[in-house]
Protein chains: 2
Amino acid sequence: MRLLHLLLISIITIPCYAQNHETTIRAVFDEALENGDSYSMLEDLCLNIGHRLSGSPQAALAVEWSKRKMIDYGFDTVFLQPVMVPHWIRGKEEKAKILNAKTIGSKEVNVIALGNSIGTGENGITGKLLEIKEISDLEKIGKKNIEGKIVYFSRPFDQKHIRTFKAYGGAVDQRVFGPSEAAKYGAIGVVVRSMSSIQDDVPHTGTLRYKEEYPKIPAVAISTNDGDLLSKLLIDDKDLDFYFETHCEMLPDVLSHNVIGEIKGTEKPNEYIIVGGHLDSWDVGHGAHDDGAGCVQSIEALRIIKSLEIKPKHSIRAVMFMNEENGLRGGIKYAELALENNEKHVAAIESDAGGFSPKGFSYSGTESQIEKLNSYKNYFEPYYMFNFSSPGGGADIGALKNQGAAVIGLSPDSQRYFDLHHTTSDTFDKVNKRELELGAAAMASLIYLIDNEGF
Amino acid sequence: MRLLHLLLISIITIPCYAQNHETTIRAVFDEALENGDSYSMLEDLCLNIGHRLSGSPQAALAVEWSKRKMIDYGFDTVFLQPVMVPHWIRGKEEKAKILNAKTIGSKEVNVIALGNSIGTGENGITGKLLEIKEISDLEKIGKKNIEGKIVYFSRPFDQKHIRTFKAYGGAVDQRVFGPSEAAKYGAIGVVVRSMSSIQDDVPHTGTLRYKEEYPKIPAVAISTNDGDLLSKLLIDDKDLDFYFETHCEMLPDVLSHNVIGEIKGTEKPNEYIIVGGHLDSWDVGHGAHDDGAGCVQSIEALRIIKSLEIKPKHSIRAVMFMNEENGLRGGIKYAELALENNEKHVAAIESDAGGFSPKGFSYSGTESQIEKLNSYKNYFEPYYMFNFSSPGGGADIGALKNQGAAVIGLSPDSQRYFDLHHTTSDTFDKVNKRELELGAAAMASLIYLIDNEGF
């Protein structure tokens, strides 16, 4: 009698669905941590293919590699989406020198050409440096004081931000827009302090955007150590010259592909929940955290769901987007085709903030989508993920928001990301196995919840 | 009229103390992130002194080093507490071999002597291996099957735990108690699978505790890769032998010191809030995360408070505890002297879980202390610290709980800690500057809150 009573109370008071969700999510994390494949996939991608800039032979290999992986895991469908991508090449290694400095004479410094930049040609360029903290200062300083000079944008990260992405967001205008803005006032070249959280000798590349109406001038990033040396020298040495030589060029667009693996939905096969990362990387390091991690976590999320024999109601896809770094063509193409093919996208999740310990998700969408996503928070607290916030999303999935999808970004711990971002240091050994696996499990769990609870 | 109305509402509705606390905590974090010294202190300790096992010359140097640092920062008082510590030395490098294996013949493997272990002598020991997962299995297997053998404790970390400290807690009995328990049944030596979250070739040392009633037998940890190889071979090769050679020995106790820096309280000078780490480390690597990080964060916490001209009501101390790793003598001595000198300890905070991104605090104490600490959580959420929980504390501060102090441990992200713990890999380059600084700021902020809000 007593037992029956207890059982009855249990049935009445414990919401059955919630208990099942918790059990399933626990199984997802167990699978990722005990039998996870994300780390060995990333090792393979990083060590056997390496970096893979859009249009490069390695990018083509990575397309084949991820297609093969997803076929081998037995996803229902694996297919490619053709997309034309920019084909920028770095050419010979960059060189740069401080010349005629009062105190130190001449000194080689560490620079790297910005992505999409034109090259200087064999002779390089030499000019006086004009140090500037804000793009808006160009207007005040005026064309006659800028013409013929090399503009040095030196505003550092604001270290007070706790999330390093905010510091990046507060400095990256210099890299993206600085070159064309300086060209507008007659500058012959641009040097940008690397977008970095730390002091070291490693320069960080990354994209610039030329405006068609101004001359294209060559641009490089300088390491934070060398950048700070420049600032120090320039205090009382207006005569020093700066030399740099880059051999990069933009070639005609080439054909590349998004790679998509799909598990067909049992109830709503034409409604999609997707998870993805970008397959391209900059042409230095391994592109391990940016964004090999996001790619293997996305494949792993589907592998986990399949291996646990969860049958999703919606179709779910792992999408390897091509060309996030210098064009976003893959993300745009994916959204175009989704519209064209009448594929209703319920939610799109992206991991493109590093393979570090996951702390939560950030998202954008309708009010009810956001409310629903907020309500999932409790399921993740046992996994030390507390940070559920809006707005958020991801570059590659941004265009799906207009089609009604909630766009969701995995939020890992951000402290180490900009030490490595777009550098030779973004290598496989910087990735921790368990951190990577926890991120994959978090994404698989979120797919599962959205599939079952919807918006 | 409208403005006045708004101002009045502000005055009425915003609790003034809370606003001040938030502003002060923000200033603490800004100071740590913009002008922080913890990282350069740790670099100095790691690269110029290095590892510093109790009783070693480096430990003596570290005592002088931390005293000098705190004097240079101008703390009101800096003093040493003499304490006798064990003096264990490793001697010549360990050697170990698999012998007579059916499939691979003989093979050198990576081992490291456990701390406090006796050595094997020049000839090493050779014996058949008995693989065991649980100490309790020894009783079932019985003396006649154990006598003369080397027991191999092979239970791995349970990777399903999200906090790696739980996995460590579930495996470390093998290392601490395994040797004496095996000796009880006549084993001649012990091999323990390294206490590690990852698969690699690096063995992890750490303390064992001999029971006086059983013979002391030599014990080593084997790397996870080599340990798993052993397990694989042993499945169908009961005849293989294992050889190992260690040259460690326990010498007579030597004099060492806790190092204490103090800022005198303005209102309750004989009531103390302390923050600390342990100055000793194992005799491999740099002891960077374990626990150089905790030491420099503790000094930094006081430096921040002083540099912001916060005048604490209670006396606050940064305590460098000696001998946490293989004796805990410093922690015990500190508590003894606190009692002897009638120093009322209000709270003791320890950082000894790595210098990674701080996620919160865990603590033990009276119900009202715990309630108060729980209530501080909101102040830390802007810094992405969400994890305030009980029980908790730290090894060195444990004895202060009996004297009425709340004992509090800083909880950093735990995923990477046991990759490095007690190994040659625990080096300065594994520490991230901002992660270290955030931990120091969190501890300074907590000191400030307890000083002002008490229990």
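Q: Where is A:Gly148 found?
A: A:Gly148 sits in the loop of chain A between helix 6 (143-146) and strand 6 (150-153). Helices (H or I, at least four residues) and strands (E, at least two) are DSSP runs, numbered from the N terminus.

Q: Before I go on, what sort of model is this, and how are things numbered?
A: This is a predicted model, where local features need pLDDT of at least 70, side-chain atom pairs count only at pLDDT 80 or more, and totals for chains, interfaces and linings use all residues; side-chain values use heavy atoms, with hydrogens and water left out. Residues are numbered from 1 along each chain as its sequence is written, while chains are lettered from A and ligands numbered from 1 in the order in which they are written.

Q: New topic: what are the confidence scores for chain A?
A: Chain A averages a pLDDT of 96, and 96% of the residues score at least 70. pLDDT is the predictor's confidence in each residue, from 0 to 100. Over residues 6-17 of chain A, though, the pLDDT is below 50, and that stretch has four contacts in the model beyond near neighbours in sequence. Where pLDDT is low, the predicted coordinates should not be read in detail.

Q: What are the ipTM and pTM?
A: The model scores ipTM 0.94 and pTM 0.95.

Q: Now the inside. Which residues touch the most other members of the largest nonpolar core?
A: That core has 69 residues, and B:Phe361, B:Phe380, B:Ile408, B:Leu446, B:Ile447 and B:Ile450 touch the most other members. Helix 16 (residues 433-453) of chain B gives the most to this core, with eleven residues. A nonpolar core is a set of buried Ala, Val, Leu, Ile, Met, Phe, Trp, Tyr and Cys residues joined through side-chain atoms within 4.5 Å.

Q: What is B:Ile450 in contact with?
A: Setting aside neighbours within four places in sequence, the contacts of B:Ile450 include B:Ile273, B:His314, B:Leu373, B:Tyr376 and B:Phe455. Apart from this core lies another, of 68 residues, among them A:Leu42 and A:Tyr376.

Q: How many cavities are there?
A: Five, counting those of 30 Å³ or more. On a 1 Å grid over the protein atoms alone, a cavity is a set of points where a 1.4 Å probe fits but cannot get out, and a pocket is an open set with protein on both sides within 12 Å along at least five of seven lines; lining residues have an atom within 4 Å of a point. Grid points are joined across faces, edges and corners, and a volume is the space filled by probe spheres set on the points.

Q: What lines the largest cavity?
A: The largest cavity has a volume of about 210 Å³ and is lined by 19 residues, with A:Lys359, A:Asp413, B:Lys359, B:Tyr383 and B:Tyr384 nearest its centre. Strand 16 (406-412) of chain A and strand 14 (358-364) of chain B each supply at least two residues of that lining.

Q: And the second largest pocket, what volume does it have?
A: About 1200 Å³. The second largest pocket is lined by 47 residues, and B:Leu328 is one of those nearest its centre.

Q: What's the phi of B:Leu328?
A: B:Leu328 has a positive phi of about 65°, although it is not a glycine. B:Leu328 lies in the loop between strand 12 (314-321) and helix 12 (329-340) of chain B. Most residues other than glycine have a negative phi, and most peptide bonds are trans.

Q: Which residues does a cis peptide bond join?
A: One joins A:Ser390 and A:Pro391, with omega about 0°. Another joins B:Asp290 and B:Asp291, with omega about 5°.

Note on methods: Buried means under 20% relative accessible area, exposed over 50%, partly exposed in between (1.4 Å probe, protein chains only). Contact means heavy atoms within 4.5 Å.
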